[in-house]
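Please read them with the structure open.

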Amino acid sequence: MKKLIPAYVRVPVLFALVVMALEYFIDSGDKPAFIKYPMVSVFLFVFLFLQIAIEIVISAIDRVTYAMLTDEQKERLAAAETSFSIKNSKLYKMLTRSKSIEREGEIMMDHDYDGIKELDNVLPPWWVGLFYATIIFGLIYLVRFHIIGDYDQKQEFEMEMAEAKKAVDAYKSTAKDLIDAESVTLLTEGADLAQGKTIFENTCAACHRADGGGSIGPNLTDKYWILGGGIKNVFHTISEGGRDGKGMVAWKATLRPNEIQRVASYVLSLQGTNPADAKEPEGEIWVDENAEATDADAGETTDAVEESEQTEETSDVAEGTPEVAAN
Ligand code: HEC
């Protein structure tokens, strides 16, 4: 028996709809639901199995029923099937209001161009409906954006950028490996510094000495920096390398961002350790402008300076301590 939609379309389409619905309703993070939750796979498998089983049963019943029909019934069925088509459906007629070929004579116009004749069809309702919809849309748009001035393209762009930035920030804060020179923070936990120390001794000590006193590379324990101090600059130097031809390569190819963060934090923890016969200072004293600004805002500049002098003595440098103290 003929069906409107054949089984080889019905089964995959229904199955795909169910898969998409599951994907939509089950929150499975970045993995598809049927991979993250094996039960979903089992469910899908059973569902597909049942779908196919039902199709087989239905077609078997159809065939048996057909075999039981009398010849006259079979003829009528065949006639019904040939007259069945989308063009005969009610919906189609409602949307087009087209005249059937037999009744085209009613709307034939007098024109006759070398035997080519013209029909005076009505505008199809689906088309007229769309046309009115665009007029209504245009009116609402005109009033909303040109008369009331709801928001303009620039505002819309900024809103979207702000939203996207929020999403990126949220993502960065969950993905630990996505640290960059802008978002990096100084680590102070013992475990992180210990890992930083291991990396430093394995990878960096050859040029900077195990105690950071410097040999080929500069002394990392003093307040003088060639490429800038503070966690952000140091992170940037380690990941992107020093000046060309100086010997400090970009480590981002070897070390992962969170490893660079650890080794950078460890390097900064060496500040003021004054190892024996360390290399002469190179570069300039580095002043953390941000820290200075916030301290000045809070009116605590002098306190901060005193504090930083103390911390230098105890050779324990806190993050953001202004290096102005050295002056
Ligand atoms: C092949 C030798 C070599 C190795 C290995 C090396 N560095 Fe360097 N490093 C240098 C040199 C040379 C400079 C100076 C770069 C310049 O002058 O531009 C430098 C500069 C630096 C600076 C900037 C110092 C300043 O005064 O601004 C930091 C921080 C640094 N290295 C950290 C590291 C860390 C961390 C490692 C290990 C991952 C490492 N280095 C491995 C040779 C090395």
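Is the crossing of H1 and H3 left-handed or right-handed?

1. The crossing of H1 and H3 is right-handed; a crossing is left-handed if the near helix is turned anticlockwise from the far one by less than a right angle, and right-handed if clockwise. This is a predicted model: local features need pLDDT of at least 70, side-chain atom pairs count only at pLDDT 80 or more, and totals for chains, interfaces and linings use all residues. Residues are numbered from 1 along each chain as its sequence is written.

2. Helix H1 covers residues 7–25 and helix H3 residues 38–68; their axes come within 11 Å and cross at roughly 160 degrees. Helices (H or I, at least four residues) and strands (E, at least two) are DSSP runs, numbered from the N terminus. Axes are lines fitted to C-alpha atoms, for helices over the stretch in contact, with angles from 0 to 180 degrees between N-to-C directions. H1 and H3 are therefore roughly antiparallel (an angle over 145 degrees).

3. On the H1 side the contact includes Val11, Phe15 and Leu22, and on the H3 side Leu44, Gln51 and Glu55 are among the residues. Contact here requires C-beta atoms, placed from the backbone, within 7 Å.

4. Arg97 has a positive phi, near 50 degrees. Arg97 sits in the loop between helix H5 (90–96) and strand S1 (108–113). Because 13 other C-beta atoms lie within 10 Å, Arg97 is partly exposed (between the limits of 20 or more for buried and 12 or fewer for exposed, with C-beta atoms placed from the backbone).

Note on methods: Angles under 35 degrees count as roughly parallel, over 145 as roughly antiparallel, 65 to 115 as roughly perpendicular and the rest as oblique. Two residues are in contact if their C-beta atoms, placed from the backbone, lie within 7 Å.
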